Amino acid sequence: MRFWIFLAGLFGAAGIGALAYQSHGLAQVAGMDAQRLRDFAAAADIVRYQALALLGAALLTARMPWAANLAALAFAAGTFLFSSPLAAFALTGIRRAMWLAPIGGTTLITGWLVIAVCALIGLLLTKSRDPS
């Protein structure tokens with residue numbers, strides 16, 4: 001759990017740092033067009049939002065450790081595989097690494113589905129134990 005919380009903190013800091021870098025002159029420094037600036041902002045947003053997801057998964061490890069750890073791993077790997085190629089393309093204009101982004105996106109979706117399935121299983125188990 002502590003590792004996931006640590007990683008969530010790093011992701012949060014990286015996402016905020018990337019947005020600060022973008023808003024304080026990234027376009028002038030890197031000579032980016034509007035689309036590449038949006039791609040960079042999207043990469044930063046993914047990192048920030050997934051930091052919260054990773055934090056949530058870390059907090060769930062006490063209730064459902066195997067699922068929460070699987071979701072956290074998917075969130076961490078997916079965030080890296082999705083946002084890194086997007087940011088690299090935005091900064092360099094080279095599309096070569098973009099083939100990793102769909103793998104990262106699929107991995108992120110998998111993490112969210114693990115959380116959803118576990119919640120559904122928990123709901124069904126709770127209802128089956130309820131005598132009313």
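Q: How many residues does helix 3 have, and what distance does helix 3 reach from its first C-alpha to its last?
A: Please keep in mind that this is a predicted model. The length of a helix is judged against the span expected at 1.5 Å a residue. Helix 3 has 28 residues and reaches 40 Å from its first C-alpha to its last, close to the expected 40 Å.

Q: Which side-chain atom reaches a backbone nitrogen at the start of helix 2?
A: At a helix start, one looks for side-chain atoms that approach backbone nitrogens. Here a side-chain oxygen of Asp33 comes to within 3.3 Å of the backbone nitrogen of Gln35.

Q: How many aromatic pairs does the structure hold?
A: An aromatic pair is read from the separation of the ring centres and the angle between the ring planes. The structure holds three such pairs. In one of them, the ring centres of Tyr21 and Phe40 are 6.3 Å apart and the planes stand at 65°; because an angle over 60 degrees counts as edge-to-face, this pair is given that name. Tyr21 belongs to helix 1 (residues 2-30) and Phe40 to helix 2 (residues 34-60), so the pair ties together parts that lie 19 residues apart in sequence.

Q: What is the geometry of the pair formed by Phe75 and Trp112?
A: This pair is tilted, with 5.0 Å from centre to centre and 50° between the planes. Phe75 lies in helix 3 (residues 65-92) and Trp112 in helix 4 (residues 100-129), so the pair ties together parts 37 residues apart in sequence. Phe75 counts as buried, at 1% relative accessibility, while Trp112 is partly exposed, at 44%.

Q: Which residues have the most contacts inside the largest nonpolar core?
A: A core is read as a set of buried nonpolar residues joined through their side chains. The largest one has 20 residues, and those with the most contacts inside it are Trp4, Leu7, Phe11, Leu54 and Phe75. Helix 1, helix 2, helix 3 and helix 4 each supply at least two residues of this core. Helix 2 gives the most, with six residues. Apart from this core lies another, of 10 residues, among them Met32, Phe40, Ala43 and Ala87.

Q: What does Phe75 touch?
A: With residues up to four places away in sequence not counted, the partners of Phe75 include Phe11, Leu54, Leu108, Trp112 and Ile115.

Q: Is Arg36 buried or exposed?
A: Arg36, found in helix 2, is buried at 17%. The side chain of Arg36 reaches the backbone oxygen of Ala90 at 2.8 Å. Arg36 also touches Phe89, Leu91, Thr92 and Gly93.

Q: Which backbone oxygen lies 2.6 Å from a polar side-chain atom of Ser83?
A: The general idea is that an α-helix has 3.6 residues a turn, so residues three or four places apart point the same way. In this case, the oxygen is that of Thr79. Ser83 is placed in helix 3 and counts as buried, at 6% relative accessibility. Ser83 touches Ala43, Ile46 and Val47, with residues up to four places away in sequence not counted.

Conventions:
Residues numbered from 1 in each chain as written. Predicted model: local features only at pLDDT ≥ 70, side-chain atom pairs only at ≥ 80, totals over all residues. Heavy atoms only, no water. Phe/Tyr/Trp six-rings, centres within 6.5 Å; stacked < 30°, edge-to-face > 60°. Helix = DSSP H or I, 4+ residues; strand = E, 2+ residues; numbered from the N terminus. Buried < 20%, exposed > 50% of the residue type's maximum accessible area, 1.4 Å probe, protein only. Expected span 1.5 Å × (residues − 1). Core = buried A, V, L, I, M, F, W, Y, C linked by side-chain atoms within 4.5 Å. Contact = heavy atoms within 4.5 Å. Polar contact = N/O pair within 3.5 Å; in protein donor to acceptor, adjacent residues only side chain to side chain.
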